[in-house]
Amino acid sequence: MIYLDNAATTLHKPPQVGQAMLEALQTAGNPGRGAHEPTLHAARLVYGTREALAELFHAESPACIAFASNATQALNTAINGLIGPGDHVITTVCEHNSVLRPLYRLRQQGAELSFLGVDARGVLQYDQLETLLRPNTKAIVVTHASNVTGNRTDLARVSTFAKRHGLLFIVDAAQTAGVHSIDVQALGMDVLCFTGHKGLLGPQGTGGFYVRPGLRIAPLVVGGSGVHSFDENHPAEMPTALEAGTLNVPGIAGLGAGVRWILEQGVELLHARETALACLFYEQVRSLPDVTLYGDFAAQERAPIVSLNLAGEDSARVADILWEDYGICVRAGAHCAPLMHKVLWTVEQGVVRFSFSHTNTEQEVLQAAAAVRQLAQEE
């Protein structure tokens, strides 16, 4: 089997991840719910993962990191906790439904939305940002990289725009956390949302967000916190403010192991390897007849994603053949990014997405390219 669906979830984790999860299952109590050793051990595991994530993202302190079950929950919490009726939000046509659907629901409640467009290669048209500004604009929400094209957003440019106009700057890093270097302070982010099961090499059911010190987000969920039990309101201090209920301690322990492994290896080194593999695949398929590629492959900084179609063939059928005849795992369809597919004219066809990890080999990449070549010749 050749696994090239890492943009959906990484399959091959460092062995430390599973080991950390198993140990936590057998030894960790409920953090913040007692003073005995099992609960203190759980608290140390959770705090250690906060520390690792704060180091990875260059956050001010571990207290800036709050945990969620995935990027979707983190984005819902941030968007609903900061935006209300009458507020205007700028976002982009590159966004995943994890951003779009919370914003659409807020629009039904009285918020306003504007969408920054892209060119034929799926590159954001940053020069149009100023034209989208309104007197009631409160925030800009952007993905760090498109999960369809692999194009990476120029966060520095968007941040400059946001700060110039006093806007909240919210970033979806589902495709880039652990894959690209991210400095939340240098980029002036107010909120960074991430998932654990992709580039961070953690288990599914983990994720969270960085929240700038001093920024208050109204929690999406309130309840038990282990502290201030007699207060009617949920505690306001971070990270407790955004972590009602019992945390997924085994999952967080596994996430911490994945992040520490990344820090030991170096994000830049891992990114260079993944980029090289994606480029190798692109070079092998870009000149094939009847193969259409999507994205800006001239850009130096991209997510390790190559999406394509074969003539007029349905993307799902291509993905099925790749799996059944070649043992290659890819993702086909709409990828939960409907606006991008409208721009690319792939609403009906979808796209076949190959997404690479540092765990892949050059031989696997060449085999995948050879499979695409053979399918293209049969068209």
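Two strands count as paired here if DSSP finds at least two bridges between them. Strands (E, at least two residues) and helices (H or I, at least four) are DSSP runs, numbered from the N terminus. With that in hand, I90 has I140 in strand 5 as its bridge partner.

This is a predicted model, where local features need pLDDT of at least 70 and side-chain atom pairs count only at pLDDT 80 or more, while totals for chains, interfaces and linings use all residues. Residues are numbered from 1 along each chain as its sequence is written, and side-chain values use heavy atoms, with hydrogens and water left out.

**Domains**

- The protein chain is assigned domain 1 (2–10 + 266–376) and domain 2 (15–265); such bounds come from an automatic or database domain assignment.
- Between the C-alpha centres of domain 1 and domain 2 there are 27 Å.
- Where the two meet, domain 1 puts in 33 residues and domain 2 puts in 39 residues, contact meaning heavy atoms within 4.5 Å.

- Seven strands make an open sheet in the order 2-8-7-6-5-3-4, and the pairing is mixed.
- At its edges sit strand 2 (65–68) and strand 4 (112–116), each pairing on one side only.
- On average, neighbouring strands of this sheet are turned by 20 degrees against each other, direction ignored; axes are lines fitted to C-alpha atoms, for helices over the stretch in contact, and angles run from 0 to 180 degrees between N-to-C directions.
- Strand 5 pairs with strand 3 in the parallel sense over three bridges, and five bridges tie strand 5 to strand 6, also running parallel.
- Across from V141 you'll find I170 in strand 6.
- Six of the seven residues in strand 5 are buried, so the rest of the structure largely encloses it; buried means under 20% relative accessible area, exposed means over 50%, and partly exposed is in between (1.4 Å probe, protein chains only).
- Strand 6 (residues 168–172) is joined to strand 7 (residues 191–195) by three bridges, and the two run parallel; here V171 stands opposite L192.
- Lying across strand 3 (88–92), strand 4, strand 5 (137–143) and strand 6 is helix 4 (residues 97–108), which runs at about 145 degrees to strand 4.

- Another open sheet has four strands in the order 9-10-13-12, with antiparallel pairing.
- Strand 9 (291–294) and strand 12 are the edges with a single partner strand each, so one side of each has no neighbour in the sheet.
- Neighbouring strands of this sheet are turned by 30 degrees against each other on average, direction ignored.
- Strand 10 (residues 305–310) runs antiparallel to strand 13 (residues 351–355), with four bridges joining them, and S307 stands opposite R353.
- Helix 8 packs on this sheet, touching strand 9, strand 10 and strand 13, and its direction makes about 20 degrees with that of strand 10.
- Helix 9 (residues 315–326) lies across strand 10, strand 12 and strand 13, at about 45 degrees to strand 13.

**Nonpolar cores**

- A nonpolar core is a set of buried Ala, Val, Leu, Ile, Met, Phe, Trp, Tyr and Cys residues joined through side-chain atoms within 4.5 Å.
- The largest one has 57 residues, and those with the most contacts inside it are L53, F57, I140, F169, M189, L192 and L200.
- Helix 2 (residues 37–57) supplies the largest share of this core, seven residues.
- This core takes at least three residues from each of domain 1 and domain 2.
- Apart from it lies another core of 28 residues, including L277, L288, L308 and I321.
- Leaving aside neighbours within four places in sequence, the contacts of F169 include I140, V142, L155 and M189.

**Helix 7 against helix 8**

- The axes of helix 7 (residues 249–265) and helix 8 (residues 267–285) come within 6 Å and cross at roughly 85 degrees.
- That makes the two helices roughly perpendicular (65 to 115 degrees; under 35 is roughly parallel, over 145 roughly antiparallel, and the rest oblique).
- W261, I262 and Q265 in helix 7 meet V267, L269 and L270 in helix 8.

**Loop residues to look at**

- L201, in the loop between strand 7 and strand 8, has a positive phi of about 65 degrees although it is not a glycine, and L201 is buried at 2% relative accessible area.
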